[in-house]
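Subject: Structure for you to look at

Hi,

Here is the structure I promised to pass on. Please open it beside this email and follow along.

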Amino acid sequence: MTRSARSRSAPRARIAKAVPRRGGRPSRKQAEQLGERIVDAATYLFLSQGYGATSIEAVAQRARISKRTFYHRFDDKPALFVAVVHRIIDRLRSPADVERLVGDLEEVLQRLARFILRAALMPEAVALYRVLVAESARFPKLAAVVTEHGVTDEAIRFIAGILDREIRAGNLALDNPTLAAQHLLYMIIALPQRRAMGFGAPMTSAELDAWARDVVKLFLNGARGGVRARH
C-alpha cells in the first residue's frame with residue numbers, strides 16, 4: 001500500500017474504531033433500569049387489576065419488553081410479585097430517627113404510632129392489603145409472601161423491645177411484651193386501615209394524630225394498672 005493510500009485509510013480506521021458496537025450485554029445501570037421498569041409495570045397491574053387478572057404478557061406489554069426479556073430477569077409471576085412486595089415493604093420500613101427513639105415512653109409510643117399509621121396507610125400499602133384480602137383464598141401463597149417479607153414481625157420486635165425495657169424498670173405490669181406489642185400494633189392499625197379501604201370515611205390527618213394519641217393512652221392505662229395497684 002502506498003503512503004497516500006495509507007493516509008487516506010487511516011481516518012476511516014479511526015472513525016470505525018470510534019463508533020461503538022451495537023448489541024451485546026446491557027450495562028449494569030441499564031439492567032437495573034430495565035428491572036425497575038418491569039417492577040413499575042407489575043406494581044401498577046397487580047394493585048389495579050389484582051394478581052389473578054395480571055398476566056406476564058400484560059406486564060411485558062406495559063413495560064415495552066418481550067416475554068423473553070422478562071424471563072431473563074424473573075422466573076415466573078410469583079417471583080415478580082415478591083419483587084413488588086419487596087419494593088412496597090422497603091418504603092414502609094422505619095427511618096433511622098425512628099430506630100433511635102428515646103425519651104418519655106408515652107411520647108415515644110405516640111411518635112411510633114404516627115409513623116406506623118403513615119406507613120400502613122400509604123396508597124400502595126392499602127392497595128396491596130386489598131389484593132391480599134380479595135385473592136388470598138384463590139392464591140394462598142400470596143399472604144405467605146407478604147408475611148415472609150413483611151415488616152409486621154419487625155415492628156412487633158421493635159415495640160416489644162421498648163416495652164421490655166420499661167417492664168425491667170418497673171414502669172409496666174406486663175408478663176409478655178411480645179403479646180402486648182402485637183395488641184398495640186393492631187390497635188393502632190386496624191380501624192384506620194379498614195376506613196382507608198372503604199369501610200367508612202378515611203380518617204383525616206388530625207383524626208389520625210388523635211387516634212395515635214388515644215390508642216397509646218388506652219394501652220398504657222391498662223399496662224400500668226398493675227403497677228398502680230401494687231403502689
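E106 lies in helix α7. Helices here are DSSP runs of H or I with at least four residues, strands are E runs of at least two, and both are numbered from the N terminus. E106 counts as buried, because its relative accessibility is 19%. The cut-offs are these: buried is under 20% relative accessible area, exposed is over 50%, and partly exposed is in between (1.4 Å probe, protein chains only). Leaving aside neighbours within four places in sequence, E106 is in contact with V216, K217, L220 and R224. Contact means heavy atoms within 4.5 Å.

Before going on, a note on the source. This is a predicted model, in which local features need pLDDT of at least 70 and side-chain atom pairs count only at pLDDT 80 or more, while totals for chains, interfaces and linings use all residues. Residues are numbered from 1 along each chain as its sequence is written, and side-chain values use heavy atoms, with hydrogens and water left out.

**Overall picture**

The protein has 13 helices and zero strands. Of its 231 residues, 36% count as buried. Take the contacts between residues at least 6 apart in sequence: 69% of them join residues at least 24 apart.

**α7 against α10**

How do α7 and α10 pack? Helix α7 (residues 105-120) and helix α10 (residues 152-168) pack at an angle of about 175°. Their axes are 12 Å apart. The axes are lines fitted to C-alpha atoms, for helices over the stretch in contact, and angles run from 0 to 180 degrees between N-to-C directions. The two helices are therefore roughly antiparallel to each other. The angle classes are under 35 degrees for roughly parallel, over 145 for roughly antiparallel, 65 to 115 for roughly perpendicular, and oblique for the rest.

On the α7 side, the residues are L105, V108, L109, L112 and I116. They meet F158, I159, I162, L163 and E166 in α10.

E166 lies in helix α10. E166 is buried, with a relative accessible area of 12%. The C-alpha atoms of E166 and L105 are separated by 8.1 Å, although the two residues are 61 apart along the chain. Leaving aside neighbours within four places in sequence, E166 is in contact with L105, N171 and L172.

**Salt bridges**

A salt bridge here is a side-chain nitrogen of Lys or Arg within 4 Å of a carboxyl oxygen of Asp or Glu. By this rule the count comes to 11.

Here are some of them:

- E166 pairs with R165, the closest N and O atoms being 4.0 Å apart. R165 is partly exposed at 43% relative accessibility.
- K67 pairs with E57, with the closest N and O atoms 2.9 Å apart. This pair links distant parts of the chain: K67 is in helix α4 (residues 67-73), E57 is in helix α3 (residues 56-63), and they are 10 residues apart. K67 is partly exposed at 36% relative accessible area. E57 is partly exposed too, at 43%.
- E135 pairs with R138, with the closest N and O atoms 3.1 Å apart. E135 counts as buried at 7% relative accessibility, whereas R138 is exposed at 57%.
- E36, D40 and R87 are linked in a network of salt bridges.

**K77: a buried lysine**

K77 sits in helix α5 (residues 77-92). Which side chain of opposite charge is nearest to K77? It is E135, 7.1 Å away. K77 is buried yet has no salt bridge. For charge, Lys and Arg count as positive and Asp and Glu as negative; His and the chain ends are not counted.

What does the side chain of K77 reach? It reaches the backbone oxygen of T54, at 2.8 Å. Leaving aside neighbours within four places in sequence, K77 is in contact with F46, Y51, G52, T54 and I56.

Most residues other than glycine have a negative phi. R64 has a positive phi of about 60° although it is not a glycine. R64 is in the loop between α3 and α4. At 63% relative accessibility, R64 counts as exposed.

Best wishes

Terms used
Polar contact = N/O pair within 3.5 Å; in protein donor to acceptor, adjacent residues only side chain to side chain.
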